[in-house]
Amino acid sequence: MEASTKCICFLAFLVILGINELSVQVHGAGECGKGTSPDREAFKLAPCASAAQDENAAVSSRCCAQVKKIGQNPSCLCAVMLSNTARSSGVNPEVAVTIPKRCNIEDRPIGYKCGAYTLP
């Protein structure tokens, strides 16, 4: 019974993600550009999972490379950190916004507002 409930929840998540993808494609370019969504981009930050949950966790070079790439568009980076996919993965937005600084990215968007959070 419990396994079927988890399966149904996972399928519901995939349906919601699919609907979100369709709305991005129908409405044009979003924060992350045409044809992609913050939820899709969030999957690229999988190497950052532990660093986005614990401020004291080490940040991997793979994570830093992805953050630097996505961070070239600060509004996309914020949208990814605050996305439904990130939240459902256990990302703490308050910790996630510290990753660019923890990666020592020199050209990071310092002081950029991500909802209630500010990139340090």
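This is a predicted model: local features need pLDDT of at least 70, side-chain atom pairs count only at pLDDT 80 or more; totals for chains, interfaces and linings use all residues.

Student: What joins cysteine 78 to cysteine 114?

Tutor: A disulfide joins them, with an S to S distance of 1.8 Å. Because cysteine 78 lies in helix H4 and cysteine 114 in strand E1, the pair ties together parts that are 36 residues apart in sequence. The link is left-handed, with -55 degrees about the S-S bond.

Student: How many disulfides does the count come to?

Tutor: The count comes to four. Numbered in sequence order, the bonded cysteines of the chain pair as 1-5, 2-3, 4-7 and 6-8.

Student: Is the link of cysteine 48 and cysteine 63 right-handed or left-handed?

Tutor: That link is right-handed, with 110 degrees about the S-S bond. Its sulfur atoms are 2.0 Å apart, and both cysteine 48 and cysteine 63 are buried.

Student: Back to helix H4. Which of its residues are buried?

Tutor: Cys76, Leu77, Cys78, Ala79, Val80 and Met81 are buried, which is six of the eight residues in H4. These buried residues pack against several elements, including helix H2 (38-43), helix H3 (61-70) and strand E1 (113-114).

Student: And serine 83, where does that lie?

Tutor: Serine 83 lies in the loop between helix H4 (74-81) and helix H5 (84-88).

Student: Buried or exposed?

Tutor: Serine 83 is buried, with a relative accessible area of 5%. Leaving aside neighbours within four places in sequence, serine 83 is in contact with Pro38, Asp39 and Ala42.

Methods
Residues are numbered from 1 along each chain as its sequence is written. Side-chain values use heavy atoms; hydrogens and water are left out. Helices (H or I, at least four residues) and strands (E, at least two) are DSSP runs, numbered from the N terminus. Buried means under 20% relative accessible area, exposed over 50%, partly exposed in between (1.4 Å probe, protein chains only). Contact means heavy atoms within 4.5 Å. A disulfide is a pair of cysteine sulfur atoms within 2.5 Å.
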